[in-house]
Amino acid sequence: MKAVVFTESGQEYGYGHFYRCMALAGSFLGRGVATDFYIKGTVPENTDDFFVLEKDWTADNEFIKNTVIGYDFVIIDSYTAYSEIYTIASRNSVCIFLDDYNRISYPEGLVVNGAVSAVMSVYPENFGTEYLLGSRYALLRGEFLDISPKIINENIRNILITLGGTDNHNLIEKILSVATRKFPEACLNVVSNSSGISGNNIFLYNNLSSPEMKRLMSEADLAISAAGQTLNELAVCGVPTLAFKIADNQSENLKGWVESGFIDKETDLISLEADLRGITETKTRELRSLAGQQTIDGKGADRVVKTAFKRRLSGEMIVWEAQADDITDLFHLANDREVRQNSFNSDPIPFDDHKKWLDSIIISDTSYLYIFRISGRFIGQVRFDIKEHETVTGISINSDFRGLGVGKVMLERALEKITDKSITLPVTAYIKENNTASVKIFESAGYKVISRNECIIRMEYGF
């Protein structure tokens, strides 16, 4: 499976769109899905894990039409692309459209707005369009996941100033003038493409990698930032922050962060000195830090990717009865740590024993083993064993596909197959009581709990 990103990046556009698309690409890559990038503007450095090409795609309908062929997932994050581009992209792939302010009426696909205030937004009800709104879907690069609670120092020694990589409003020098006057001993780390910035305790950074940016945020006692994507990363790092609105589309995002308690108000040059005084107290910064870290949990990209997978897998899953060629995938799945833990016999299975078992299943007229794949990738298996009084169901899912809702689809497809075998005995399943994930999968496919005995749940399917 493959994904493709169309977005904008560089000094003219900022880097927020690119970084949140990188968050999605990282989550896709973790599930074995390679992602390509087509970028209008300038390609940032540190993109070795992906194919990246500079291309003004935003008004080239024919290019989009030809390029999206063969991709399972299409991600578009743009302030300039015409609506026709979105419609073309949505025809053959699962689309993820990143939005900040209800820019257009989106066609079929997932519309993601991870702003804190997005849950209050009113989007049109379009057929096939699903909205993923609010901080649960904030997109953070992998380096910003699993952040420890911020330790707030009594004194402000490090100040981070970042305006999204650009300074189109010439704010940085003015901000530095106020900050150095208020905190003359503090180290001022400035992330900007601007040149000519210098002074005692002032350090200029440009085109930082994700680990480098995380380090600066982790070390900062205070940040002065634009109110875009960077605010999400500062919040999850727990950095007390003053936020400038440098674009109109940041208004709603800023409003949400004020309501969360992470930001007190919008900061501007006139109020900056007073706002710095207001955030100096240790207790104030502790409360702001806690509010930020409690608002975003860092799992937004994974939630979006899981939802996209559910859409793709439900229509593309292929199923057949097990064959000898399936031995390798089945062997690795059978010895998966979680599969063994949830089995009634948790001992590892030797390969020779597993091969004998599969050979017997293939020729059996009382066992049916169904294999599931998508785009050639092994998803898992469902097995039915005909006993004296019942037909017992078993299911195992490849770790790359767990938590995506595929279990329900697998069971439904397998039940359709077993119906063709004219099975008359009750179709049941036996599950360890602590295996709540499997219980939920069987319930979603129509099985009901019949009894509980010695930590074993017996379920039965009603045709």
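# Why the helices and sheets get their labels

Q: What makes the crossing of H11 and H13 right-handed?
A: The crossing of H11 and H13 is right-handed, because that word applies if the near helix is turned clockwise from the far one by less than a right angle, and left-handed applies if anticlockwise. Bear in mind that this is a predicted model, where local features need pLDDT of at least 70, side-chain atom pairs count only at pLDDT 80 or more, and totals for chains, interfaces and linings use all residues. Residues are numbered from 1 along each chain as its sequence is written, and side-chain values use heavy atoms, with hydrogens and water left out.

Q: Why is H11 called oblique to H13?
A: H11 and helix H13 (residues 351-363) pack at about 120°, their axes 10 Å apart. Oblique is what remains once angles under 35 degrees (roughly parallel), over 145 (roughly antiparallel) and 65 to 115 (roughly perpendicular) are taken out, so H11 ends up oblique to H13. As for the angle itself, axes are lines fitted to C-alpha atoms, for helices over the stretch in contact, and angles between N-to-C directions run from 0 to 180 degrees.

Q: Which residues in H11 and H13 meet?
A: From H11 come Ile327, Leu330, Phe331 and Ala334, and from H13 come Phe351, His354, Lys355 and Leu358; contact here means heavy atoms within 4.5 Å. By class, the contact of H11 with H13 has six nonpolar residues, one polar and one charged. The classes go like this: Ala, Val, Leu, Ile, Met, Phe, Trp, Tyr, Cys and Pro are nonpolar, Asp, Glu, Lys and Arg are charged, and the others, Gly among them, are polar.

Q: What makes H14 oblique to H15?
A: Helix H14 (residues 406-419) and helix H15 (residues 436-444) pack at about 50°, with 8 Å between their axes. That angle makes H14 oblique to H15. H14 passes H15 in a right-handed crossing.

Q: Which residues of H14 and H15 meet?
A: Gly407, Lys408, Leu411 and Glu412 in H14 meet Ile441, Phe442 and Ser444 in H15. The contact of H14 with H15 divides into three nonpolar, two polar and two charged residues.

Q: Why are E3 and E7 said to stand at the edges?
A: The open sheet runs E3-E2-E1-E4-E5-E6-E7, seven strands with parallel pairing. Strand E3 (51-54) and strand E7 (129-133) each have a single partner strand, so one side of each is left without a neighbour in the sheet. Direction ignored, neighbouring strands of this sheet are turned by 20° against each other on average.

Q: How do you know that E5 and E6 pair?
A: Two strands pair if DSSP finds at least two bridges between them, and three bridges join strand E5 (residues 94-98) to strand E6 (residues 109-113), which run parallel. In E6, Val112 is the bridge partner of Leu98.

Q: What order do the strands of the mixed sheet have?
A: Here the order is E14-E15-E16-E17-E18-E20-E19, an open sheet of seven strands with mixed pairing. Strand E14 (318-321) and strand E19 (447-453) are its edge strands, each pairing on one side only. From one strand to the next, the twist averages 25°.

Q: How do E14 and E15 pair, and over how many bridges?
A: E14 pairs with strand E15 (residues 367-374) in the antiparallel sense over four bridges. Val319 stands opposite Phe372 in E15, while Ile318 has Arg373 as its bridge partner in E15. E15 and E16 are also paired in the antiparallel sense, over eight bridges, with Arg373 opposite Phe378 in E16.

Q: Which strands does H11 lie across?
A: Helix H11 (residues 327-334) lies across E15, strand E16 (377-386) and strand E17 (391-397), at about 80° to E16. H14 lies across several strands too, including E14, E15 and E16, and runs at about 45° to E16.

Q: How many helices and strands does the chain have?
A: The chain has 15 helices and 20 strands, where helices (H or I, at least four residues) and strands (E, at least two) are DSSP runs numbered from the N terminus. Of its 463 residues, 52% count as buried.

Methods
Buried means under 20% relative accessible area, exposed over 50%, partly exposed in between (1.4 Å probe, protein chains only).
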